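User: I have a chain open and want a quick tour of how it packs. Can you start with the terms, then the details?

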Amino acid sequence: MPDKDPDNCSGLDEPARSYCEGDTGGGGGGGGGGGGVTDGAVVSVKELAGSLIKHIKEQLAPGKTWAPEKTDSGLYEPFLWLGQHLAISIFICVVVVCALTAWQGAPRLRQMGASTGWALVAVAGMASVPGAVMLLNKAVSAAFQTAFGSDESTLFGVIEHDLKHGVDAGNPLGILIIIAALVVALAFSALVFMTRQLGILVFVCMAPLVLASLARGGDTSAVRAWAGRLLGLMFAPFALLLVAPFVEFAKGSLVVDAVLLVAADVLMLRMIFHGVPYIGPRVAGAARALVESRTDHPLARAVVRAGAPTVYERENVPRGLRTVDTPGRAAFQDGGVLLGAYGLKPRQQPGRLTTMSAVAQTGHDAARRAQIIQARREAQAAVSPSASSPRATGARTPTPSTNGPVPPSAPASGPGTAPAPRPSGPTRPNNP
């Protein structure tokens with residue numbers, strides 16, 4: 001059998017390069033070492049796992065983005081031209097409106113000065129957005145690689161450690177499960193990569209259009225919404241830090257590592273599409289309750305009450321259901337914010353549930369109504385023996401009506417009282 005040429009395998013990555021060169025780690029299958037083929041397979045599987053982890057890290061936080069790096073890019077230059085002309089047009093409109101309403105005096109002069117300053121800020125910001133996004137992306141990538149590559153207490157570090165020294169490191173089933181979890185995580189990371197790259201590209205190209213709205217008196221509502229979405233996309237890989245406290249419990253078990261890895265990927269996608277989970281006030285309240293149950297010191301109780309005050313949550317609907325906007329409705333609302341920053345009033349569409357959500361809500365309400373009816377019957381059955389004594393004596397007890405109409409309350413003032421006059425002080429002129 002001819003020897004394999006190592007030069008033909010130099011362009012391959014591990015572990016394919018080892019297979020090409022014929023180095024399977026067995027050291028000769030027929031030797032008396034025992035289990036040469038098995039040892040070689042285990043080494044190859046561990047190399048495959050390391051290669052998967054490397055590719056997952058590169059896809060979750062790549063060092064380069066598809067967004068333009070400079071303002072003279074062929075992709076960004078048309079949007080920059082459009083944004084600059086929009087800012088100048090808005091500024092001219094503000095100047096014209098202020099000139100036509102100059103009889104209002106100082107308020108219009110202040111508005112014109114604010115529009116001048118914000119127009120300059122918008123034009124300068126348009127040219128700095130691509131470079132700032134590229135620097136921030138490099139910083140996020142470097143921080144991610146450092147945080148998840150240098151410490152063994154992170155999820156990837158624990159997986160690499162368990163593949164070598166875990167209790168089920170020699171178990172083929174555990175290795176198979178972790179390889180399957182890594183393959184699933186690789187698919188999730190590819191989806192995260194495409195979502196982040198396309199999202200960052202879209203938001204960078206939208207930057208001139210959003211920043212141009214600042215020329216209208218400094219309305220920052222659209223800029224704040226745009227910056228929040230962009231930063232959420234860029235810092236999404238750090239969602240893996242939320243599963244870091246559970247890594248110590250899974251140390252030594254490849255199966256639990258696989259479960260945590262898939263949970264981290266799902267959480268990352270959830271943060272990209274729906275934002276940060278609402279856990280802050282609840283976690284703070286639980287920490288406060290824990291401290292108050294363990295100590296009676298008044299100073300400690302005062303500190304935790306000041307740091308975690310009592311809060312009361314309000315649901316979106318009165319029956320305990322929480323609603324989340326569909327992607328189409330969320331995009332429509334973001335467009336409404338941008339049009340409002342330009343001075344246009346978009347048509348507000350009333351929110352309604354989707355078909356599947358309406359069906360689920362109907363089932364939830366039916367179960368709730370059945371529980372309420374059953375509770376009322378049990379309450380009536382509990383008080384029914386006490387109602388027999390008035391019937392025996394012929395007395396008739398009035399039954400208060402709780403479901404009847406409530407009479408309207410009396411007006412606070414008489415019919416001849418005139419409404420209070422509006423204050424006649426100076427008011428701020430509306431933005432054009």
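Analyst: First, the term for helix pairs. Axes are lines fitted to C-alpha atoms, for helices over the stretch in contact, and angles run from 0 to 180 degrees between N-to-C directions. This is a predicted model, where local features need pLDDT of at least 70, side-chain atom pairs count only at pLDDT 80 or more, and totals for chains, interfaces and linings use all residues. Residues are numbered from 1 along each chain as its sequence is written, and side-chain values use heavy atoms, with hydrogens and water left out.

User: How many helices and strands does the chain have?

Analyst: The chain has 13 helices and 0 strands. Helices (H or I, at least four residues) and strands (E, at least two) are DSSP runs, numbered from the N terminus.

User: What share of the residues is buried?

Analyst: Buried residues are 27% of the 432 in the chain. Buried means under 20% relative accessible area, exposed over 50%, and partly exposed in between (1.4 Å probe, protein chains only).

User: And contacts, what share joins residues at least 24 apart?

Analyst: 77%, among contacts between residues at least 6 apart in sequence. Contact means heavy atoms within 4.5 Å.

User: Now helix 6 and helix 7. At what angle do their axes cross?

Analyst: Roughly 160°, and the axes come within 10 Å. That makes helix 6 roughly antiparallel to helix 7. The cut-offs: under 35 degrees counts as roughly parallel, over 145 as roughly antiparallel, 65 to 115 as roughly perpendicular and the rest as oblique.

User: Is that crossing left-handed or right-handed?

Analyst: Helix 6 passes helix 7 in a left-handed crossing. A crossing is left-handed if the near helix is turned anticlockwise from the far one by less than a right angle, and right-handed if clockwise.

User: Which residues of helix 6 and helix 7 meet?

Analyst: From helix 6, the list includes Thr195, Arg196, Gly199, Ile200 and Phe203. From helix 7, it includes Trp226, Arg229, Leu230, Leu233 and Met234.

User: Met234, then. Is it buried or exposed?

Analyst: Met234 is buried, at a relative accessible area of 1%. Leaving aside neighbours within four places in sequence, Met234 is in contact with Val133, Leu136, Asn137, Val140, Arg196 and Ile200.

User: How far apart are the C-alpha atoms of Met234 and Asn137?

Analyst: 6.8 Å, although Met234 and Asn137 are 97 residues apart along the chain. Asn137 lies in helix 4 (residues 106–149). Asn137 is buried too, with a relative accessible area of 2%.

User: What else is Asn137 in contact with?

Analyst: With neighbours within four places in sequence set aside, Asn137 is in contact with Pro62, Gly63, Lys64, Thr65, Arg196 and Met234. Arg196 is also in contact with Met234.

User: Switching to the loop between helix 6 and helix 7. What about Thr220?

Analyst: Thr220 lies in that loop. Thr220 is partly exposed, with a relative accessible area of 27%. Beyond neighbours within four places in sequence, Thr220 is in contact with Trp118 and Leu214. Thr220 and Val210 are 10 residues apart in sequence and 9.2 Å apart in space, C-alpha to C-alpha.

User: Next, helix 3 and helix 6. At what angle do they pack?

Analyst: About 15°, with the axes of helix 3 (residues 77–100) and helix 6 lying 7 Å apart. That makes helix 3 roughly parallel to helix 6. The contact is made by Phe79, Leu80, Leu82, Gly83 and Leu86 of helix 3, and by Cys205, Pro208 and Leu209 of helix 6. Helix 3 passes helix 6 in a right-handed crossing.

User: Last one, helix 11. Which helices do its buried residues pack against?

Analyst: Helix 6 (172–211) and helix 7 (221–234). The buried residues of helix 11 are Gly336, Leu338 and Ala341.

User: What span should helix 11 have?

Analyst: 21 Å for its 15 residues (327–341), and its end C-alpha atoms are 21 Å apart, which agrees. The expected span is 1.5 Å times one less than the number of residues. After helix 11 comes Gly343, with a positive phi near 95°.
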